[in-house]
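Morning, everyone. I have one structure to walk through today. Please look at it on the screen first.

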Amino acid sequence: MANAASGMHVHDDCKLKFLELKAKRNYRFVTFKIEDQQVRVDKIGGPNESYEDFTNSLPNNECRYAVFDFDFTTDENVQKSKIFFIAWSPDTSKVRMKMVYASSKDRFKRELDGIQVELQATDPSEMSFDIIKSRAI
């Protein structure tokens, strides 16, 4: 269904891959890109990929949406997992592209039921492993 504000359509595959990440834990991360007025799956990271693999998969000069399944151990030594939604909008990307991603973000995020933490990043330092870990706990 297209978003009236941005005219954006979310491809069914986006929801499917997100559900597989959330329920089956088939993936560590999924990145999404907007192409031809539609949000589509861009890249998928296998369950053994690291946070560094994920950050390296993001382009330096293009926007992306991403979900990342972050596993961690609490201070009480309990294994937990949180699903992050990351809006990647690097300073070097085109202004129009940043505007399209910003205007479509909330609509797209609503399609992905089960996101626990949201993060906006314009630079790799804004989504460092330490920041992710501190937001998860």
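Let me start with burial. Of the 137 residues in the protein chain, 41% are buried. Buried here means under 20% relative accessible area, exposed means over 50%, and partly exposed is in between, with a 1.4 Å probe and protein chains only.

Now the ground rules. This is a predicted model, where local features need pLDDT of at least 70, side-chain atom pairs count only at pLDDT 80 or more, and totals for chains, interfaces and linings use all residues. Residues are numbered from 1 along each chain as its sequence is written, and side-chain values use heavy atoms, with hydrogens and water left out.

Next, the layout. The protein chain has four helices and six strands. Along the sequence the pattern reads β-α-β-β-α-β-β-α-β-α. These are DSSP runs numbered from the N terminus: helices are H or I with at least four residues, strands are E with at least two.

Overall dimensions. The C-alpha atoms fill a box of roughly 45 × 30 × 20 Å along the principal axes.

Contacts next. Contact means heavy atoms within 4.5 Å. Among contacts between residues at least 6 apart in sequence, 61% join residues at least 24 apart.

On to the cores. A nonpolar core is a set of buried Ala, Val, Leu, Ile, Met, Phe, Trp, Tyr and Cys residues joined through side-chain atoms within 4.5 Å. Which members of the largest core touch the most other members? They are F32, V39, Y65, V67 and F108, in a core of 20 residues. At least two residues of this core come from each of α1 (12-24), β2 (29-35), β4 (64-73), β5 (79-88) and α3 (95-111). Apart from it lies another core, of 17 residues, with F54, L58, W88 and A121 among them.

Take Y65. Leaving out residues up to four places away in sequence, Y65 touches V30, T31, F32, I34, V39, F85, I86, V100, Y101, S104, K105 and F108.

Now I132, in helix α4 (residues 129-136). I132 counts as buried because its relative accessibility is 0%. Beyond four places in sequence, I132 touches Y51, F70, F84, I86, L119 and M127. I132 and N60 are 72 residues apart in sequence, and their C-alpha atoms are 19 Å apart in space.

Two neighbours in sequence next. Q37 sits in the loop between β2 and β3 (38-45). Q37 is partly exposed, since its relative accessible area is 41%. Q38 is in strand β3, and Q38 counts as buried because its relative accessibility is 14%. Leaving out residues up to four places away, Q38 touches M8, H9, H11 and K33.

Finally, backbone angles. Most residues other than glycine have a negative phi. Where does phi take a positive value in a residue other than glycine? Q37 is one of the places, with phi near 60°. N77 is another, with phi near 65°. N77 is in the loop between β4 and β5. N77 counts as exposed because its relative accessibility is 66%.

That's the tour. Over to you.
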